[in-house]
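Biologist: Please pick one part of this model and go through it closely, contact by contact. I would like the cut-off behind each term as you use it.

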Amino acid sequence: MQFGRWIWTMAFLSVSFVGAATGRAADEEKKPQTPPSKEEEYYELMRILADTFEQIERNYVKEVDRRALVESAVRGMLDELDPYSNYISPDDLSRFNVVVEQEFGGIGIQVGIDPQTRRLTVISPLPGTPAYKAGVRSGDTVMEIEGKSTEGVTLDQAVKLLKGKAGEAVTIGVQHQGGTTIEKLTMVRAIIHLSSVLGDTHKADDTWNFMLDNDKKIGYVRLTAFSRDSTRELKEALTALKDEGMKALVLDLRFNPGGLLTAATEISDLFIEEGKIVSTQGRNTAEKVYNATKKDTFAGFPMVVLVNHFSASASEIVSAALQDHKRALIVGERTWGKGSVQNVIELENGKSALKLTTASYHRPSGKNIHRFPGAKDTDEWGVSPDESYAVPFTTEDMQKYLEYRRQRDVLTKDGPPKTDFVDRQLGKAVEYLVGQLSGENKTADKAAQKATEKADAKKPEDKKPEDKKPEEKKGDAKKADEKPAEKPAAPEKKPEAGDKKDSEKKPDGSKKPEASAGSAESDRQPRTIPLYLLPVAA
């Protein structure tokens with residue numbers, strides 16, 4: 001009824017405009033025509049939309065779905081803006097919230113389609129989850145779900161069957177690796193939390209081991225997304241490393257597409273004692289500066305940040321801030337180049353949402369991060385590795401790395417399998433840190449810094465003016481005026497780094513969507529990675 005009433009309203013407005021125009025026809029020949037006001041132009045444009053919708057519904061050769069038609073029109077408008085603004089339909093909203101919240105109702109397994117057998121296969125159970133406790137093992141083939149065969153079932157279909165409300169039971173039939181019989185396992189779904197802070201290998205109790213080198217006390221933390229709990233998880237990992245005597249740290253942001261702007265600024269603040277972290281500014285909003293504070297800062301040790309072509313948005317905020325403040329060395333590859341913030345705006349009372357680019361963000365040095373359409377490799381965008389620390393990977397290198405990483409992430413009794421693959425990017429990071437700890441790099445670093453300062457002094461016109469805006473209090477800097485955002489594709493995941501208000505719960509207990517810093521999807525064609533290497537959690 002509401003939709004029909006809206007159509008009639010638009011029709012009435014159309015008639016009103018036509019009538020008014022007819023009544024003034026004689027005068028228009030005498031008076032010079034004036035351009036329509038913004039309000040008149042708005043209604044004229046809306047009339048085009050309403051008339052087109054009406055004509056399609058009445059006269060198109062086949063019956064059309066009204067909602068599908070409207071959603072297509074909305075997507076068409078957003079396609080005219082940028083690659084990061086998009087419409088989130090009711091069917092996609094729950095998946096979007098999982099990306100932001102990193103939690104869902106399920107049994108706690110990572111699954112994928114085996115490329116040889118084309119059957120649903122368990123990549124790894126998640127520690128402490130119902131599947132883990134029920135005895136689901138890595139390599140198991142899921143033969144049936146609730147008594148129905150999984151043959152021919154797509155990954156999305158299987159995940160929908162495995163996920164559900166916490167407290168509800170589900171029965172799956174699995175065939176263990178090397179076995180011939182199907183074992184039926186019944187488990188009760190629970191809220192599954194996907195940790196975004198991971199280590200390199202698992203300990204004997206299946207928790208992550210964050211110490212990469214016990215002898216030299218080099219820590220290693222892999223951050224896969226910037227979600228609501230990422231800051232807390234990272235602080236816990238860093239505290240544990242400090243208790244173990246950590247002397248140096250590798251922060252791995254490779255393949256991290258981004259996430260919440262608040263998480264990006266909070267994580268940067270963990271390593272920087274003072275100064276600007278990032279600033280954001282939109283067409284209708286004043287510049288907002290996020291500043292670091294000394295409290296709870298982890299300092300006093302050398303640090304490397306690993307990035308690659310698929311590190312984007314929030315990953316670029318953190319790596320740029322640490323690079324500009326000379327807190328960490330950047331090793332790896334040039335990042336994606338996404339310098340915009342998306343706000344998530346609820347539609348239909350929360351049934352769907354609009355992810356809209358509302359601001360751009362800027363690194364402390366003032367250098368540009370965003371890779372605009374048509375940008376060349378010689379232009380300034382993204383975050384580049386420090387001089388002499390670029391370690392490019394070919395497509396084959398990336399495929400081998402992802403398979404290597406997948407095998408190391410699997411929970412097995414014997415630990416990760418032996419492999420000939422060498423992670424050259426991580427190796428370069430460790431090489432630098434070992435040199436820092438031994439003092440070998442310090443003399444070279446000082447000489448390079450003096451040379452850079454001398455070169456800068458000769459070109460004062462190239463220097464950016466210092467930001468003289470008053471610093472905000474930490475409390476103000478960490479408020480989320482902007483909502484969160486995000487999702488990327490595999491692994492060209494859309495990077496996200498947005499900010500959002502603390503989510504309020506809806507009557508059904510679910511959380512409202514948040515805003516993010518966006519995704520790394522753009523006109524640059526990313527290298528393709530086999531989808532079976534990218535497991536999905538259920």
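**Aromatic residues and their surroundings**

Modeller: Tyr 401 is buried, and Phe 421 is buried as well; buried stands for under 20% relative accessible area, exposed for over 50%, and partly exposed for what lies in between, with a 1.4 Å probe and protein chains only. The model is predicted, so local features need pLDDT of at least 70 and side-chain atom pairs count only at pLDDT 80 or more, while totals for chains, interfaces and linings use all residues. Residues are numbered from 1 along each chain as its sequence is written, and side-chain values use heavy atoms, leaving out hydrogens and water.

Rings come next. A pair of aromatic rings is described by the distance of the centres and the angle of the planes. Rings of Phe, Tyr and Trp (its six-membered ring) are paired when their centres lie within 6.5 Å; planes under 30 degrees apart are called stacked, over 60 edge-to-face, and the rest tilted. Under that rule there are eight aromatic pairs. One of them is Phe 255 with Phe 310, a stacked pair at 5.5 Å centre to centre with 10 degrees between the planes. These two residues sit in distant parts of the chain, 55 residues apart: Phe 255 is in the loop between β15 (248-252) and β16 (258-260), and Phe 310 is in the loop between β19 (303-307) and α10 (314-324). Helices (H or I, at least four residues) and strands (E, at least two) are DSSP runs, numbered from the N terminus. Phe 255 and Phe 310 are both buried.

Tyr 401 and Phe 421 make a tilted pair, 6.3 Å centre to centre and 55 degrees between the planes. Because Tyr 401 belongs to helix α11 (residues 395-409) and Phe 421 to the loop between α11 and α12 (424-438), this pair ties together parts 20 residues apart in sequence. Phe 255, Phe 310, Tyr 401 and Phe 421 are among the members of one aromatic cluster, which also includes Trp 336 and Tyr 404.

Trp 336 has a charged neighbour too: Arg 371 lies over the face of its ring, 5.3 Å from the ring centre. The criterion is that NZ of Lys or CZ of Arg is within 6 Å of the ring centre and within 35 degrees of the ring normal. Arg 334 lies over the face of Trp 381 at 3.6 Å from the ring centre.

Now the charged pairs. The whole structure has 22 salt bridges, each a side-chain nitrogen of Lys or Arg within 4 Å of a carboxyl oxygen of Asp or Glu. In helix α11, which holds Tyr 401, the side chains of Asp 409 and Arg 405 form a salt bridge at 3.1 Å, N to O. Asp 409 and Arg 405 are four residues apart in α11, so about one helical turn separates them. Arg 405 is buried at a relative accessible area of 6%, and Asp 409 is also buried, at 19%. Arg 405 and Asp 409 belong to a network of salt bridges that also links Asp 200, Arg 222 and Arg 408.

Another salt bridge joins the side chains of Asp 324 and Arg 363, at 2.8 Å, N to O. This pair links distant parts of the chain, 39 residues apart, with Asp 324 in helix α10 and Arg 363 in the loop between β22 and α11. Asp 324 has a relative accessible area of 23%, so this residue is partly exposed. Arg 363 counts as buried because its relative accessibility is 5%. The two side chains also make a polar contact (2.8 Å), meaning a pair of N or O atoms within 3.5 Å; within protein, one must be able to donate a hydrogen and the other to accept it, and residues adjacent in sequence count only if both atoms are side-chain atoms. Leaving aside residues up to four places away in sequence, Arg 363 touches Ala 320, Gln 323, Asp 324, Ile 369, Gly 382 and Val 383, where contact means heavy atoms within 4.5 Å.

Strand β22 (residues 352-362) runs antiparallel to strand β21 (residues 340-347), and eight bridges join them; two strands pair if DSSP finds at least two bridges between them. Val 341 is opposite Ala 359 of β22. The two strands form a hairpin with four residues between them, and in its turn Glu 348 has a positive phi of about 55 degrees.
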